[in-house]
Amino acid sequence: MQYTILILVLPLLSFIFLGLMDSKFKPKTAGLIGTIVLGIITALSYYTAFEYFTMYKVEGVYQKVIPFEMEWLRFTDLLSIKLGILIDAISVMMLVVISTVSFMVNLYSLSYMDGEKGFQRYYAFLSLFTFSMLGLVVATNIFQMYIFWELVGVSSFLLIGFYYSKPSAVAAAKKAFIVTRFADMFFLIGILVLSFYTKTFDFGVLTGENPIVFAAGAGATFMGFSVLSWAMALIFIGGAGKSAMFPLQIWLPDAMEGPTPVSALIHAATMVVAGVFLVARLFPVYYFQTPEVLHGIAYVGAFTALFAAVIACVQTDIKRVLAFSTISQIAFMMVALGVSGYEGHEGTGYMASMFHLFTHAMFKALLFLGAGSVIHAVHSNEMKDMGGLRKYMPITNWTFLIACLAIAGIPPFSGFFSKDEILAASFEFSPLIGWLMTFIAALTAFYMFRLYYNIFWGKDYAVKAAAHGHGHDDHGHGHTPHESPFAMAFPLVFLAAVTCVAGFIPFGEFVSATGADYHIHIDMKVAITSVVVALISISVATIMYRKPSTTPDKLAASFSGLFKAASNRFYIDEVYLFITRKIVFNSISRPIAWFDRHVIDATMDGFANTTQWVSIRIKSFQSGQIQQYAYVFLFGTLLIAALILIF
Amino acid sequence: MNFLSIFVLIPVLMMVGLFASNNRKQLLTVMTIGASLLMIMSATLTYMYLTERAAGNVAEMLFMADTVWYAPFNIHYSVGVDGISVAMLILSSIIVFTGVFASWKIDPLPKEFFLWFSLLSIGVYGFFITTDLFTMFMYYEIALIPMYLLIGIWGTGRKEYSAMKLTLMLMGGSALLLVGILGIYFSSGATTMNLLEIAKLHNIPVEMQRYFFPLTFMGFGVLGALFPFHTWSPDGHASAPTAVSMLHAGVLMKLGGYGAFRVAMYLMPEAAHEMAWIFLILTGISVVYGAFGAIHQTDLKYINAYSSVSHCGLVLFAILMMNETATTGAIMQMLSHGLMTALFFALIGMIYGRTHTRDIRLMGGLMKVLPFLGVSYVIAGMASLGLPSLSGFVAEMTIFVGSFQHTDTFHRVLTITAVSSIVITAVYILKVVGKIIFGPIQDKHHEELTDAVWYERVAVSVLIVAIFAMGSAPFWISSMIGESVIPVIGQLIK
Amino acid sequence: MEFLTSFFSGPVPVEAYLAVSLIMFFAGVYGFLTRKSMLMILVSIELMLNAADINFVAFNRYLYPGQFEGFYFTLFTIAIAACETAVAIAIIINIYRNLTSVEVGNLDQMKE
């Protein structure tokens, strides 16, 4: 499978080529180059998946294959960073997901970003992002993963801040980068601790059958927990940063400042699932060595899922609704991993998590691209500027509806199957988590349909536009919204088709914690409960939002405290702002700067000033008055003479 | 004549050429040819060095030569290089080369400027090739003195103050150093001041080491911006002209780390072990303190100077960790910091030359008008905050992994503190990038600015290529440095 | 009375010469320290020099009668003093031309 190296090399070349050749081409050419390269990569990924799943099964278990590996940087005799490609079930699955979504986004952007300034730059960044993400999933060792992890961080910075002259975009990009980097610091410390005790970075060794590498660290403890628990918890914090787990979720909603296709790429398929992928990659370590950390992951995930779902119910910016829904869904995956066992039926959670990752990537990309299509048509992100769009944009309407049904967990759409497995795994772990997750699933159905109705139903767009009096202003509200062109519609249709059929993929046969087959069987009790609950939520949303009504306002008024808090995202941003502005900037940085100038530097200047002061004082000895010298000389002589006489 | 002496001879010939030339064109021709020759020579040297090593020559230093210079005091002119010096020579050549292009339009007195610039290069090159303590000290002084004039005459802002401050503080450091060097020589019982001989004898009494180790380490540490002797750096860099900032932060500060490692640690290992904790705390403070200090600054050069304090602190920090990995990381950090800080100062100089301000509050949206400089600035920033595939990452990671090999809590806590600097660095880098490169244009006069011209592009591109090269293919440089570190570490572990 | 006769009749004792030169010398020192005019300071310096000359001659006469080193030395000193005075007066005249004053207290321009 040597050719898999091309999957990494091609996007890198594309990035370098587009980056250096900036503005040498017509924008369209650059876009086409990027898209074609991505197309090739997608084809290669599919071929890899095909070859892997048909040919690398030995005795019913999928093998790990490393077709390429080289030493990149040697640290000590035992530790060195290698760059390589690890092909196993989850990395192949991720290759497919990333390349598909990325290809769709590239295609979509050809039309969506048409005429934007910096079109080539945009495609260069997309290539870089894809490259980093692909490198991350095929990493053979944890340090390679960290390298690409950082590259993902920076390419997300570049993409989110694509509209660099817009201060809010720059702020969002900065925030995304700094928050994830803050988490990465813990990741790095975790890697340092883990590698110190295990003497390896290699995933193969860490997750292998023989856990002898953990023997060295087994006895060591720090503050009551074993060092391994610390290491794995720190590594998880890294994952939590990228996957926007509470309390590191704050960057994600703001990251919507980037172009909408970028949001689809970052939030649906790639960057945010990196954390989930990390935990899945190290799953055997979590499960066998540090089960308490794994349970912690489940609780963090459950809380984040609830937290984000509540906020999503009251947001008015459609992209933000989707952003919070992403956080919530990613948290679902985390919960699934957290509650999972390892072998056979126990491993439902792991399989479900990966399955959900796969299905979610498709329908969330669809949702974002659909939202992009809507925004493209009405030139606004706000729900209040939309309504009744189903008449103008039939394709978007239908595909969006399919995605909403999928995320709400209605059969036969893909989301139903994966979510059902997650719920089943949660119920097995603890009924509390199970019911909590079911409740969150209900909230999901509610806010998604609230979103759907607000965009496509409700008060008609034209009426609203007239009522708001922006009928003929510069923002382009005046024209009738129309369906998007082919390059934008095709990805929608394609992803919708995937969403319709993906649920029937026998996913467990491909991906499971052990590599052995796992047969999905739907737990009817859980399935029926979740579907019923989802249907109830959808009905509630239908009643409230399908026709213009006053119920939502009344509800908001009666729960004004909660409503306000949720609208303000529970003030977590303000807390962070307080920490950075007041504590880091004003209470640490400013005093240090002051201290440096007024204490340390003043001390150094003080030496100079003292020298000068002394010199001024003793300068008067050298008055230039000859007679004064003579006096001193005379009395000096007399004094010496007297002294000699006395002693 | 020994091959290595060419590195000192070329700048001397450059000075002769400069004396002979009488217009800017000739001056620049002389400088360009000289600097290119230096580049070629260091590439040749690297090639020769690697072939020699590949051929199985395991001597500690290669291309050694020794001439008695002043017999009564046993002063020799002795040269020799190992992987560390070769790395430093490459760095110096790159910086000198780009420095020439960055000072293409220097005004006034271009002839004098380049003369002093060449003299500075003599000091720098001589320092890295010599193995004799006294000659080393002499070259150190040769490198310091031109700095005073270069800042005092061609600087900006409070240049006299800064030049005086920088010179006095560094001279103070070299006074300590002189005492330390003489102490080493007289208590070692050696017949020459040759480093290798003293190290081989290895019989400086521990009581003596306790006096002379701190003196020597601090003497070099002042140049390496050791807290609390770093305050010359912000003022000095802020006032210095572009090329001088580049050379100073890029190479001259490396003399400190190199010397601390080569002289203080190598010759006095016992005291180094005993006293490492004091300096580890100081350098640990440097790392975090410099980074926090940078957040609050508003002058681009001050930001970069504080960031240098942080990064150079990391160099000394890693050296004091006293194991092979961390020390290799330290040398790589010297290289990496040299390249990226030179790039920063070059870019700041170019931006300042256009906007006539370095205050970040008065700038914004420069990407739109100066795309080349803007992109380069972002790349420099990314290198500084340790993005993989750029040089900073490999150096920092080697340091962190190496430092973490110590098992005791003291080293662990310090290492984690140092690791935290990567976040703080991200904060101030992104703050600056977000403010001046991105965002809306602040000043409408800035809309008429023109992007970099060819000589500026040469300087910037060379540095960027070097940063990328080191960051993407670190294995050969890491192994070259790694094997040269072993003798010193062997001395320390003994 | 006897003391007086012996004082005037016998050879002049060395103390007498020394007393004269001492008075002259300290008169010179006093003058040097107190006078403001440079010319007077110059005169004071001459007084001190001459006091030293007297000592030379007197000691030569009493310690090494028949030898002349002291006398020669004195002659040299007188010659040098003359040169020195000439130079000094030339300087003073120049100073007077520039500052229209020969007060020594004004001459501190070279202090800084």
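**Close-up views of a three-chain predicted model**

**Figure 1. Helix H1 of chain B and what packs on it.** The buried residues of H1(B) are Phe7(B), Val8(B), Ile10(B), Pro11(B), Met14(B), Met15(B) and Leu18(B). Viewed along the axis of H1(B), these buried residues stay within an arc of 160 degrees, so they line one face of the helix. The model shown here and in the other figures is predicted. Helix H2 (24–54), helix H3 (83–102) and helix H4 (110–129) of chain B are among the elements that cover the buried residues. On the other side of H1(B), the exposed residues are Val16(B), Phe19(B) and Ala20(B). H1(B) runs over residues 6–20, 15 residues in total, and at 1.5 Å a residue should span 21 Å; its end C-alpha atoms are 20 Å apart, which agrees.

**Figure 2. Chain B as a whole.** Chain B contains 19 helices and two strands. Its C-alpha trace spans about 70 × 60 × 45 Å along the principal axes. Of the 494 residues in chain B, 64% are buried. Among the contacts in chain B between residues at least 6 apart in sequence, 80% join residues at least 24 apart.

**Figure 3. The loop between H8 and H9 of chain B.** The peptide bond joining Phe227(B) and Pro228(B) is cis, with omega about 0 degrees. Ala225(B) is found in this loop between H8 and H9 as well. Its phi is near 55 degrees, a positive value in a residue other than glycine. Most residues other than glycine have a negative phi, and most peptide bonds are trans. Is Ala225(B) buried or exposed? Ala225(B) has 29 other C-beta atoms within 10 Å; the cut-off for buried is 20 or more, so Ala225(B) is buried.

**Figure 4. Ser389 of chain B.** Ser389(B) sits in the loop between helix H15 (371–384) and helix H16 (391–403) of chain B. Phi of Ser389(B) is near 80 degrees, a positive value in a residue other than glycine. Ser389(B) is buried, with 22 other C-beta atoms within 10 Å.

Figure 5. Phe246(A) and Pro247(A) are joined by a cis peptide bond, with omega about 0 degrees. Pro247(A) belongs to the loop between helix H9 (227–242) and helix H10 (251–254) of chain A. Helix H3 of chain A (residues 89–112) has 24 residues and reaches 34 Å from its first C-alpha to its last, close to the 34 Å expected at 1.5 Å a residue. In H3(A), 23 of the 24 residues are buried, so the helix is largely enclosed by the rest of the structure.

**Figure 6. The contact between chains A and B.** Two pairs of chains touch, and the most contacts are between chains A and B. In this pair, 37 residues of chain A are in contact with 40 residues of chain B. On the chain A side, the elements giving two or more residues are strand S3 (65–74), helix H5 (142–160), helix H6 (167–198) and helix H26 (572–619). H6(A) gives the largest share, twelve residues. By class, this side of chain A has 25 nonpolar, four polar and eight charged residues.

**Figure 7. Chain C and its contact with chain A.** Nine residues from chain A and nine residues from chain C make up this contact. The chain A side divides into four nonpolar, five polar and no charged residues. Chain C does not touch chain B; the nearest C-alpha atoms of these two chains are 20 Å apart. Chain C has an average pLDDT of 86, and 92% of the residues score at least 70.

**Figure 8. Helices H3 and H4 of chain C.** Leu63(C) is in helix H3 (residues 38–63) of chain C. Leu63(C) is exposed, with 10 other C-beta atoms within 10 Å. Helix H4 of chain C (residues 69–99) has 31 residues and reaches 43 Å from its first C-alpha to its last, close to the 45 Å expected at 1.5 Å a residue. Of the 31 residues of H4(C), one is buried, so this helix lies largely in the open. Just after H4(C), Thr100(C) takes a positive phi of about 50 degrees.

Key. Residues are numbered from 1 along each chain as its sequence is written. Chains are lettered from A and ligands numbered from 1 in the order in which they are written. This is a predicted model: local features need pLDDT of at least 70, side-chain atom pairs count only at pLDDT 80 or more; totals for chains, interfaces and linings use all residues. Two residues are in contact if their C-beta atoms, placed from the backbone, lie within 7 Å. Helices (H or I, at least four residues) and strands (E, at least two) are DSSP runs, numbered from the N terminus. Ala, Val, Leu, Ile, Met, Phe, Trp, Tyr, Cys and Pro count as nonpolar, Asp, Glu, Lys and Arg as charged, and the others, Gly among them, as polar. A residue is buried if 20 or more other C-beta atoms lie within 10 Å of its own, exposed if 12 or fewer, and partly exposed in between; C-beta atoms are placed from the backbone. The expected span of a helix is 1.5 Å times one less than its number of residues. The arc is that of the directions from the helix axis to the C-beta atoms. pLDDT is the predictor's confidence in each residue, from 0 to 100.
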